[in-house]
Amino acid sequence: MSSRTFDLFADHEPEQQPRAEQIGEQSWVLRGFALPVVDHLLPALDAILVAAPLRHMVTPGGFSMSVGTSSCGAWGWITDRSGYRYSPVDPLSGLPWPPMPKSFAMLAHSAAERGGFSDFNADSCLINRYIPGAKMSLHQDKDEKDYAAPIVSLSLGLPAMFLFGGFSRSDKTQRIPLLHGDMVVWGGVDRLRYHGVLPIRHGQHPRLGEQRINLTFRVAR
Ligand code: MD3
Ligand code: FE
């Protein structure tokens, strides 16, 4: 797919590209990148969450995650007492995950291109829902097969303070606020950096209410 077939900003701001803030050697925050299309994505997201409801998965250590999780696409990330992995079926229903909407795949492809990664074709979209107080501790994403592909995220709803660390858990972290419509591309040398999310603060988002939803697009297999 060429960028011309899906130029998000073609009809909106012909001169203006969205701001790209470099946060690592190969990592970029694309402020407001999804805003022109985000309202069109939400009904599709609602339908996915009816078919594959959010659930609080249990980690191998036996803790229930404060974040509610689901997936769409060919592969969905799951965790239980036996470990972390990608699964082609939703263990709740025993059915394949809902397909990834074309609009999601195109947006992720377009963001990846803006971050310097051409030909990004996600086969997994992990959906994380945070209510106030929910957080994600520092971790690395290592369950994907090919670290050459970037991870692309889309933040929706309440703001989050994202923590971007180094290659060991104890390395100093930078704090990056992520707002509704922001996208981030992490790839290359930054792909295995530790990262996390501070507890979400109370608030009301005009469109999503008292929650933050984060989509991460991945090449799992
Ligand atoms: C940086 N989610 O689901 S998205 C996750 O906001 C996860 O829900 C966070 O971390 C969230 O695994 C952050 C961002 C993210 C994803 C993968 C990365 C940042 C990353 C891989 C390497 C470096
Ligand atoms: Fe992660």
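Is Tyr-194 buried or exposed? Tyr-194 is buried, because its relative accessible area is 12% (buried is under 20%, exposed over 50%, partly exposed in between, with a 1.4 Å probe and protein chains only). This is a predicted model, in which local features need pLDDT of at least 70 and side-chain atom pairs count only at pLDDT 80 or more, while totals for chains, interfaces and linings use all residues. Residues are numbered from 1 along each chain as its sequence is written, and side-chain values use heavy atoms, with hydrogens and water left out.

**Surroundings of Tyr-194**

- Tyr-194 lies in the loop between strand 11 (183-186) and strand 12 (195-197); strands (E, at least two residues) and helices (H or I, at least four) are DSSP runs numbered from the N terminus.
- Leaving out residues up to four places away in sequence, Tyr-194 touches several residues, including Leu-138, Leu-163, Phe-164 and Phe-167 (contact means heavy atoms within 4.5 Å).
- Ser-168 is 26 residues from Tyr-194 along the chain, but their C-alpha atoms are 6.8 Å apart.

**Helix 1 and helix 2**

- Helix 1 (residues 38-51) packs against helix 2 (residues 102-114) at an angle of about 120°, and their axes are 9 Å apart (axes are lines fitted to C-alpha atoms over the stretch in contact, and angles run from 0 to 180 degrees between N-to-C directions).
- The two helices are therefore oblique to each other, since angles under 35 degrees count as roughly parallel, over 145 as roughly antiparallel, 65 to 115 as roughly perpendicular and the rest as oblique.
- Leu-41, Ala-44, Leu-45 and Ile-48 of helix 1 meet Ser-103, Phe-104 and Leu-107 of helix 2.

Note on methods:
Chains lettered and ligands numbered in written order.
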